[in-house]
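Visitor: I have a model to read and would like to go through it feature by feature. Please give the general idea each time, then the case at hand.

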Amino acid sequence: LKKSSEDFILEGEMHMSLGYFKSFLEKIRMKHSIFEASNKKEDERFKIDNLYSRENNGQRTGEYTYNIKNKLLVICEGHYTSRSEYSSLIDINICLLSECEELLKRKINRVSDYRGSSEAESYFNLIDIPSFNYHLKRFRRNIDVVIDNTDFYNPIIKDSEFIDKWLKNTK
């Protein structure tokens with residue numbers, strides 16, 4: 001891909017269970033609506049399963065039960081949250097971007113239990129960066145706030161030009 005300068009098209013559509021995420025957001029929205037309409041005091045619960053599990057070699061064996069309370073804040077992580085089909089289900093979309101060197105360092109640390117550093121770096125350069133670039137080109141208009149998160153302890157709110165610079169630097 002890097003040699004051909006082709007976009008890494010349809011990557012998210014090919015291997016992510018994006019409909020599953022949308023269903024989750026719709027459940028959260030529905031449960032929240034119940035609270036708003038009825039002044040309900042007790043929690044609503046729902047369980048999601050078939051979640052990706054790093055602890056089980058990437059198998060979809062994870063599960064989690066949510067307690068939905070009035071005024072609950074739900075944070076969804078990952079760049080796919082800025083896809084257009086989620087816009088009506090997400091109140092504010094915050095994109096955390098970091099310098100590539102920092103992202104690679106974090107990737108290597110995160111996957112060190114099951115992937116060597118050279119393999120992680122190769123995956124990062126061949127899959128992660130092209131995927132994220134293509135995603136940002138298509139869905140950046142759905143991002144409300146951009147934060148440079150290179151330094152965990154000193155995040156900086158940026159304007160949308162930061163995305164342009166990031167894309168240019170990661171070609």
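Visitor: What percentage of the residues in the chain is buried?

Guide: First, the basis: this is a predicted model, in which local features need pLDDT of at least 70 and side-chain atom pairs count only at pLDDT 80 or more, while totals for chains, interfaces and linings use all residues. Residues are numbered from 1 along each chain as its sequence is written, and side-chain values use heavy atoms, with hydrogens and water left out. Buried means under 20% relative accessible area, exposed over 50%, and partly exposed in between (1.4 Å probe, protein chains only). Here, 32% of the 171 residues are buried.

Visitor: How many helices and strands does the chain have?

Guide: Both are DSSP runs numbered from the N terminus: helices are H or I with at least four residues, strands are E with at least two. The chain has five helices and five strands, in the sequence order α-α-β-β-β-α-α-β-β-α.

Visitor: Which residues form a nonpolar patch on the surface?

Guide: Like charges are joined within 9 Å, and nonpolar side chains (Val, Leu, Ile, Met, Phe, Trp, Tyr) within 5 Å. Areas come from the Shrake-Rupley method with a 1.4 Å probe; for residues, only the protein chains shown count as cover. In this model Ile92, Ile94 and Leu96 form such a patch, with about 280 Å² of accessible area together. Ile92 lies in the loop between β2 (59-68) and β3 (94-97).

Visitor: Why is Ile92 classed as partly exposed?

Guide: Because its relative accessible area is 49%.

Visitor: Which side chain of opposite charge is nearest to Asp148?

Guide: For charge, Lys and Arg count as positive and Asp and Glu as negative; His and the chain ends are not counted. For Asp148, in strand β4 (residues 145-148), it is Lys158, 4.6 Å away; Asp148 is buried and has no salt bridge. A polar contact is a pair of N or O atoms within 3.5 Å; within protein, one must be able to donate a hydrogen and the other to accept it, and residues adjacent in sequence count only if both atoms are side-chain atoms. The side chains of Asp148 and Thr150 make one at 2.7 Å.

Visitor: With which side chain does the side chain of Glu63 make a polar contact?

Guide: With that of Lys47, at 3.4 Å. Glu63 is in strand β2, and its C-alpha atom is 7.2 Å from that of Lys47, 16 residues apart along the chain.

Definitions and conventions:
Patch = residues over 30% accessible without salt bridge, like charges linked within 9 Å, V, L, I, M, F, W, Y side chains within 5 Å. Salt bridge = Lys/Arg side-chain N within 4 Å of Asp/Glu carboxyl O.
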